[in-house]
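Please work through the following exercises with the sequence and the three-dimensional structure at hand. Each task is followed by a solution in steps.

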Amino acid sequence: MFRVVLLGLLLCFLIALNNVGLAISELQRFQHPTKGDGSLSLLVVGDWGRRGAYNQSEVALQMGIIGEKLDIDLVISTGDNFYEDGLTDVDDPAFYESFTKIYTAPSLQKQWYNVLGNHDYRGDVEAQLSPVLREKDHKWLCLRSFIVETEMAEFVFVDTTPFVDKYFKEKEHTYDWSGISPRDEYLTNLLKEVDSTLKESTAKWKIVVGHHTIKSAGTHSNTVELEQRLLPILEANDVDLYMNGHDHCLEQISSSNSPLQFLTSGGGSKAWRGDVSWWNPDEMKLYYDGQGFMSLYLTGTKVDIVFYNVFGEVLHKWSRSKQLSSAV
Ligand SMILES: *[C@@H]1O[C@H](CO)[C@@H](O)[C@H](O)[C@H]1NC(C)=O
């Protein structure tokens, strides 16, 4: 009798544990309204927080002007939000000095959706995720991994830093892994969530955002862990765009074997001039080693991508059309 009760208790405990596990791994969803005509316009910037230095302020100024012109709905940050070592805590003045004080243009006072970069993981990660920052500056929103749904596009933001083996081995820097252990379980759950989200999505455009590159000709080059584990999921689920930072450049690489585009927007401040490796010219649509940012315009049938330099001049444009799926 006693054994049966004990077994029953153990079972309840396991079920409860499992439910908690599921609740934690479920990605948070946000709905973002589109314009009246269903279109969506946004800017993408990465690798920026340097208290205005290295042309961060100049890029911000041009983002404001282009943002106004395009009447943007939101901004995406591809991570490395605060150099060199993220935020110390929610009261770190870097939040004001590198974000609030820099992106002051009226057009940029829209929702920012931020992911974390490896430099952010060198500080207090929970600080960047904290609602306290959202109160200090309402445009700020940063989570590890999450989903933004709009009328015709679904954005899946993926926390890529914990995938990269070398950060777990290197001795020069310490990383705040407090929220992601056990690592294997965290990564497996995350990939499962990303896969099921993309699989269930009926959105016209599927867009995945992470800090790290999947494919890049810049200093950091490809991130092999993501090529091995994330890329097959993107390909299997017909993802249209993968957008990242990490390499401090502006770059577009097309896949030879799928419509997937790899877009690097990591030119928010310090750029890595002259640091580029050879890449198949059939796939390489743009490589620019200075500062700048990217815009994205989406309708139900078309996506337009434009890259801009520090003067707001257009460096490169790319478009793709999709037929309206016949409903009848
Ligand atoms: C700022 O941008 C200009 C124009 O591209 C460039 O000449 C200059 O070197 C940049 N400054 C820094 C600190 O990167």
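Predicted model: local features only at pLDDT ≥ 70, side-chain atom pairs only at ≥ 80, totals over all residues.

Residues are numbered from 1 along each chain as its sequence is written.

**Exercise 1. Confidence and overall form**

Describe the confidence of the model and the overall form of the protein chain.

Solution. 
- Step 1. The protein chain has a mean pLDDT of 93, and 91% of its residues reach 70 or more; pLDDT is the predictor's confidence in each residue, from 0 to 100. Residues 17–24 have a pLDDT below 50, and this stretch makes zero contacts in the model beyond near neighbours in sequence. A contact requires that the C-beta atoms of two residues, placed from the backbone, lie within 7 Å.
- Step 2. The protein chain contains nine helices and 14 strands, defined as DSSP runs numbered from the N terminus (helices H or I, at least four residues; strands E, at least two).
- Step 3. The radius of gyration is 20 Å, close to the 20 Å given by the globule rule for 328 residues, so the protein chain is as compact as a globular protein of that length. The radius is taken over C-alpha atoms, and the rule is 2.2 Å times the number of residues to the power 0.38.
- Step 4. Of contacts in the protein chain between residues at least 6 apart in sequence, 75% join residues at least 24 apart.

**Exercise 2. The site with Tyr 83**

Determine where Asp 80 and His 248 lie and whether they are buried or exposed.

Solution. 
- Step 1. A "binding site" annotation in the unreviewed UniProt entry covers Asp 47, Asp 80, Tyr 83 and His 248. UniProt positions follow the numbering used here, feature names are shortened, and annotations may be inferred rather than shown by experiment.
- Step 2. These residues span 202 residues in sequence, yet no two of their C-alpha atoms are more than 13.0 Å apart, so they gather at one spot.
- Step 3. Asp 80 is in the loop between β3 (74–77) and α3 (94–100), and His 248 is in the loop between β8 (241–244) and β9 (250–254).
- Step 4. Asp 80 is buried, with 29 other C-beta atoms within 10 Å; His 248 is also buried, with 26 such neighbours inside 10 Å. Buried means 20 or more other C-beta atoms within 10 Å of the residue's own, exposed 12 or fewer, and partly exposed in between, with C-beta atoms placed from the backbone.
- Step 5. Beyond four places in sequence, the contacts of Asp 80 include Asp 47, and those of His 248 also include Asp 47.

**Exercise 3. The site with Asn 118**

Which loop holds His 211, and which residues of the annotated site does His 211 contact?

Solution. 
- Step 1. Another "binding site" annotation from the unreviewed UniProt entry covers Asp 80, Asn 118, His 211 and His 246. They span 167 residues in sequence, yet no two of their C-alpha atoms are more than 8.3 Å apart, so they gather at one spot.
- Step 2. His 211 occupies the loop between β7 (205–210) and α8 (224–229) and is buried, with 30 other C-beta atoms within 10 Å.
- Step 3. Among the contacts of His 211 beyond four places in sequence are Asp 80, Asn 118 and His 246.

**Exercise 4. The ligand shell**

Identify the residues that surround the ligand.

Solution. 
- Step 1. The ligand is surrounded by Tyr 54, Asn 55, Ala 271, Gly 290, Gln 291 and Val 310, where near means a C-beta atom, placed from the backbone, within 6 Å.
- Step 2. Ala 271 is also one of the contacts of His 248.
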